[in-house]
Every structure is written in structure tokens, then in C-alpha cells.
Amino acid sequence: MAVMRYVTGAFDTGQQDPAQVGWKPRGSLQLPVTRALGAVWAVGYEGWETSADTAPDGRVELVTAGCCLATDAERSEALEQAAAGRWHRAACLPGSYLTVVRDGERVHIAGDRAATVVVHWVLDGGTVLWSTSALALAAYRQAEPDFARLLAAFTVRGADLLGEHSCFTGVHRVPPGRALVLEPGRAPRTEPLPAPGPLDFPAGAGLLEERLTAAVERRAALPGRLTADLSGGIDSSTLTALAAQFTDLLAVTYTDRHMQDEDDGVYARRLAAEYPSITHRIVHGDTARVRQFDGLAGPLPVTDSPSLTLGLLAVKGAQLAPVRAWESGTHLTGRGGDDVLDAVPASLLDLYRTGHRVEAGRRLADFARDRRCSLAPVLRQARTTLRTPYGRALDQLATTIAGREPLDRSQLLAPWESLSWCGTLPAAGWLTREGRAQVAGLLTVPTGTSPTPAQLHERLFLERMGEEHATYDQIARQLWQVPIHAPFLDTLVVDACHGVPGWQRRIPRDFKPLARAAFTGRVPGYLLGRRTKTAMTRTVATGMRANAPVIRALVGTSLLAGAGLIDPRQARTALEAALRGEPAALACLHYLIATELWLATVPTSRDTWWEPNEEYEEITSW
């Protein structure tokens, strides 16, 4: 099995007899931390990616793992802030990483805002085992995948399906924006990190320029050579242009016979030609003889959760081949740019809530016009959402799913549905009676939350992208030894963008105005003024048709169907419609394929992940 990167720790709360933790993560390196913090092991990390610092008086300890880009001075200041009771400042350093802070006997453990690093935990006797990998803890506890939550991920929308749960039964998750708190004599708990304050548009643009530039500049100084995706879109092109101002780099553009007719390649070639520091490579999928969904029958990499990248293995392999030959130590991708620079349609409702009702009405009319639909259902949905509390909307959705009436989701989502709190996705029509009951049972509002629709959608989309980036990074490291970085998902960058109201980040007949305000003068104006975005529908459909036999077999032997949760006939009907080129739920089918592949191959044997711990006596004597 290929090595998956993760960090795991053991902390004795002293509440019961010490757990029989006679195991440690297989192939791990124990980090140099004090006994007061517990034991911390890292698997698959380079030496520079983990750091442990202790204050001179020994009372405060800071451990980071991942891409923490903080300087020595910034880490020292974080230690001082923790000593003053502001431990959370250590979780807001540049980069994307795991944060562990000990202040006296109390320990705080946190991931990042975008869920590229997520903390999980289980309790074994009086010992808390925590990890950035739910899968490693599942193997320790012999826990099974949670089929209902996996299924709900592509059958409903607008619901916080994970919260404090993971993809495995019995493995707890620390929601992004919260920290796991451990201390002797108390049960583990979570507490919120301070939320970033609101920003006006100029202030947000200024912070974005400062923080994203620093994120790229500091990554350019990491060990190894620098490479980047260069799709020609605003996100990847902005990162490439910034990187070119600090170092030489290789920029790779992927295209195929569908994409070559779009203007992505034009923008990519033009940008690369402007910077002598850029070496540009264009990878053509047809020349490389790769398509989406190639390679599904071969050995698959290991990830913590289902990954859409499993449907892109051949494409990503071809795209990253020149990156690997370049001996890249850091590969930049624009993932997350849409989630922070743009805004969700429901932000129009926030505009209405702030008192700008006439302007909100105008923008809703623009929304309907741009999507070529009638204004009446758009206004009707906006009115319904504004008048309905989130809890009631979820209750109504649960009632609909669990009801006796058939769930007809043969049609794709209507444009105005993006203004609703929540709803079903096309794949909901595949659910059996038992599947409907289990999914409906998950639709509850997390305690203590009262978001607006825009805040809810923005957070859920960001966390989904963060999870997808994390699995892509794991896959790229395992298969091609290429580390993938997404600076737009750094906590500081997310906070700078999301501090600006969504209705200011999304303006009719404009595209990503926050990027233009932040980077005019640093990035070519023709790029920041781009208004188009290439759809991948034809590329996905072509790959699905080329690999129809394998995909049909996968759907035909569905583990979700075997568990009685989906009707394989309905899923096959949707698949055949897609293969015929009819309008179809391609995204839902892609998620189904990724989930089935993951369920069929995920390794949950304890011996795969854990090995005997020779320091057992020392650990249980804290």
C-alpha cells in the first residue's frame, strides 16, 4: 500500500485506566514533544514540514505539520500569544497546516478553515487518539464506512452532513473553524476559533493581494523546483503570474479536442509568453491518449474519503508527467479560487437582508436573465427562502425524502434552486426506501448554528473543495511524488476573501472583481478582465463513453446497492442516458463512481496502519 501522509497523537486524560495503546502508526516518526502534550507521530512528511517549538519557560508548546510558511519571528510571536491566552493566533499563520498548541496541561488541536487539514479523534479508555486521517483511526477501531453519509453527499445539497461525524462510524470529526481541546481529568471537547471580522471591499482586496502574494512567494522558496497549473483561467493564471515574479518555474496547460476550441489555451500561451521565467508545456490529452475515467481497473491510491480525482487518474498522470520530470518540490494549482473570489447565488439574499432591496431585485432579474429562465420562479424561491428558517427547511426536506411519494429527480437542477436553503440532487431518485430513511435521518441542524443561506452554502462548498484538494494531494504524492499546493485555500487567504460580503464579490456581468481589485498592476489586465469560463461537460461525457464497460460493471456491482440503499436500475438508467449524450447528472454519476471505487478498495485492517509500539510502557505511564 502506498504511504498516505497523516499525523496522529495520543493523549491520556487520566479519566480511566490508560488504554491499551500498544500500537503506533506504521512507519511513523515520533516528533520531539514533551510528555505533557502526549505522543505525536508523523507519517510521510519531509523534515521541513514538521516543527515543534517550546517557550523558554516550558509552559507553552507549538507543533505544526504541513505547509506552515511562518518565519521564525512569526512562530515566536505565536508562542508569546499562546502564553497570553490567545493560542488561536498559531492557527492563523501563513500556509495550510495542522496546529497543536499546549498551554500548561491544556492542548488545542486544529486544522484549517478550508478543510484541507481536518482533525479526527476516538476515545480508547482514558486515552484520546487523534489524527488528521479518519481512515487511520477507523483501522485502529475496526470501524466501518458510514454508507448513509457517503450516499447523502451526492443525493442532497445544503445539509451539513458531516459536522462532528466522519465517513466512518464511531470516528469523530472536528468541524473546520473549531479546535479539539484535551486536558487531564476532562472528556475531549471542541470549541470555536474566533471568526474573522467583516471587511469592506477595498480592505479585503488589500489583504488578498498581501496574503496571496506572500503565500506564493514563500512557497517559491521551499525545497525543490516550482511548477504550476496554467489553465488560462483567472485563478491558476494569477498564481503563475505571481510566481514568475519570484523564481523560474514550469507551467503546464492541459487540453483536449473539446477544450482546444475554447479560449483557455489562448490566455495561457499569452501569459506564458510575457514572463521569461516561465517554461511552458502544453499537454494534449488526445496525443497522450488519456481520457477521464481511464485506469479505473488498476491499483488505486489510498485516500481518507472518496475522491473525484479517481476518475481523473490518467489525465492527471499525463498532466503531471512534465512536472515530475522537472523534479518539482511544489506544484501550484488554482483550486479554491472559485470558492473565495466568487460568491454563491444565495449572496443575493444577503444583499436583500442588508436593506438594499431594490438593488437585490435588480440583481435577481439579472440572475434570471443570465440563466435564461423566467423571473417569476426566481422571485418566488427568494421569497420562500427569506421567510423560512433553516431548521424548518431541513425538516421539510427530510419529510419529502422519507415520504411515500416517488422522488422524481430525472431533471437537472433548475437555476432558482441555488437560492434555496437545501434540496435533493438528481441522484436522490436512485434511493431505495431504506436509503431514503437513512439519508432523511441525517438532516439535522448542528447545535448553535444560525447561518444565512449564503454563509451556509459558502462554507459547505469551501469544505467540499478543501476535502477534494486534500485527496488530490494524497493521490499525486503517492502516484507521482508531486506535492500539490492550493494557496487560495490557505486560511489567511480564505479569511481575506470571505470577510468581504458575497454580493460585493459577485456583480452582474462582471467576473471575480475582487481579483481585479487586488492584483491590477501585478497580473496582466487582459487576464483579470476575462469574463468566460470553460465548461468540462463534453470532456467528462467523452471519457465516460470511452470507459462505459468498466463503469457499467462498477454500477452493476454497487456496494451501496448491495446494502439496499440505492436502486441499481435507476442508477443504470441515469448512466445510459449520459452515455447516449442526453442531459444527465454527470456530477452525481462521477460521485457515485468515486464512492464505489473507494468503498471497494479502502484498507481498514489495523495491521495495515498500525504496528506494535515498543514505547508502550512509557506512553501509559504519563
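This is a predicted model: local features need pLDDT of at least 70, side-chain atom pairs count only at pLDDT 80 or more; totals for chains, interfaces and linings use all residues.
The volume of the largest cavity is about 70 Å³. Its lining consists of Ala-91, Gly-111, Asp-112, Arg-113, Pro-176, Gly-177, Arg-178, Leu-193 and Thr-491. In total, two cavities of 30 Å³ or more were counted.

The second largest cavity holds about 30 Å³. Ala-91, Gly-95, Ser-96, Tyr-97, Thr-99, Gly-111, Asp-112 and Thr-491 form its lining. By class, this lining has two nonpolar, five polar and one charged residues. Strand S7, residues 95-103, contributes the most to the lining of the second largest cavity, with four residues.

S7 also belongs to an open sheet of six strands. The strand order is S5-S6-S7-S8-S13-S14, and the pairing is antiparallel. Strand S5 (50-54) and strand S14 (189-192) are the edge strands, each pairing on one side only. From one strand to the next, the twist averages 20°. Within the sheet, S7 and strand S8 (residues 106-110) run antiparallel and are joined by five bridges. Arg-102 has Val-107 in S8 as its bridge partner. Helix H1, residues 72-83, packs on this sheet. H1 touches S5, strand S6 (60-68) and S7. The direction of H1 makes about 135° with that of S6.

Methods: Residues are numbered from 1 along each chain as its sequence is written. Side-chain values use heavy atoms; hydrogens and water are left out. On a 1 Å grid over the protein atoms alone, a cavity is a set of points where a 1.4 Å probe fits but cannot get out, and a pocket is an open set with protein on both sides within 12 Å along at least five of seven lines; lining residues have an atom within 4 Å of a point. Grid points are joined across faces, edges and corners, and a volume is the space filled by probe spheres set on the points. Helices (H or I, at least four residues) and strands (E, at least two) are DSSP runs, numbered from the N terminus. Ala, Val, Leu, Ile, Met, Phe, Trp, Tyr, Cys and Pro count as nonpolar, Asp, Glu, Lys and Arg as charged, and the others, Gly among them, as polar. Two strands pair if DSSP finds at least two bridges between them. Axes are lines fitted to C-alpha atoms, for helices over the stretch in contact, and angles run from 0 to 180 degrees between N-to-C directions. Contact means heavy atoms within 4.5 Å.
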